[in-house]
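The following note concerns the ligand site. Please read it alongside the sequence and the structure.

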Amino acid sequence: MDDIKKIILEAGEIFKKGFYNLKNVSFKGKKDLVTEYDVAVENFLKDSFKKVLPDYTIIAEESSNDIQEINNTIIIDPIDGTTNFVNGLPHCAISVAIYKDGKEHIGAVYLPILNEFFYAKKGEGAFLNDEKISVSKENDFQKSLIATGFPYTCGESEEDLEFIVDRIKRVLPNCQDIRRLGSAAVDLCMVSKGVFEAYYEIGLASWDLAGGMIILKEAGGSISDINGKELNIFEHKCLIASNGEIHKTLIDIIK
Ligand code: IPD
Ligand code: CA
Ligand code: CA
């Protein structure tokens, strides 16, 4: 864990340099941005992890994103919340998940600008900057703060746009309010910390969610697909994450 933390903190220095300086921005799609810093942070993480965990396969958003198999595997999103990163909004993070023998082992989500380091090791609880965190106990949906996200595909797919608008119509009147923070990894940490009661989003990739998912489970939260079944991190329609208390209600509303 110490080695892993040290590597991610060091990668955070590259991240911070990029956040506070002008950057080259290009478009992977109509709405999907990438900067030279996404690539630089990813390369640094890959090279460093290869030294401490040489037998591990690496799945990483900007370079090795076609692997859909978990064994001894590291999953990296070098910058989750790139739109925030480009626009100077500090809710952006490095997300890392480590699987050992096919099982969840370590999750880390680091927000370098806010100096918040979330991490969890299976069976040992979840932490923010060394303080234990846990999900909220709220069980009243009407009093719950719910987060969601909008996949880049909603710029092209009428079906995805419809899904998003329709679910907001169903959720908004029945909860305290809705937030769209712009980073799936941060959203999952906010549920882990008890800030949000739940978070849902369609079309996420494994690197968006894997680190935060391990943290959330260790913080006592629940995560599933839209049917309440175990989430396949590579293939699912909609991720549902919550404090456990309002999980079923959220599924009933969304489904
Ligand atoms: C995105 C963020 C965003 C979510 C998108 C993701 P990126 O990741 O997590 O919150 O709504 O679906 O793709 O592109 O900033 O790494
Ligand atoms: Ca992402
Ligand atoms: Ca990213």
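**Ligand site**

1. A polar side-chain atom of Asp80 is placed 2.8 Å from an oxygen atom of ligand 1, in a predicted model where local features need pLDDT of at least 70, side-chain atom pairs count only at pLDDT 80 or more, and totals for chains, interfaces and linings use all residues. Residues are numbered from 1 along each chain as written, chains are lettered from A and ligands numbered from 1 in written order, and side-chain values use heavy atoms, without hydrogens or water.

2. Tyr152 likewise has a polar side-chain atom 2.7 Å from a ligand 1 oxygen. For Glu61, a side-chain N or O atom lies 3.5 Å from an oxygen atom of ligand 1. The protein covers 95% of the 380 Å² of accessible area that ligand 1 has on its own (Shrake-Rupley method, 1.4 Å probe).

3. Around ligand 1 there are 16 residues, of which Asp80, Gly81, Thr82, Tyr152 and Glu201 come nearest (a heavy atom within 4 Å counts as near). Domain 1 (2–133) and domain 2 (141–254) each supply at least three residues of this shell, with bounds from an automatic or database domain assignment.

Definitions and conventions. Polar contact = N/O pair within 3.5 Å; in protein donor to acceptor, adjacent residues only side chain to side chain.
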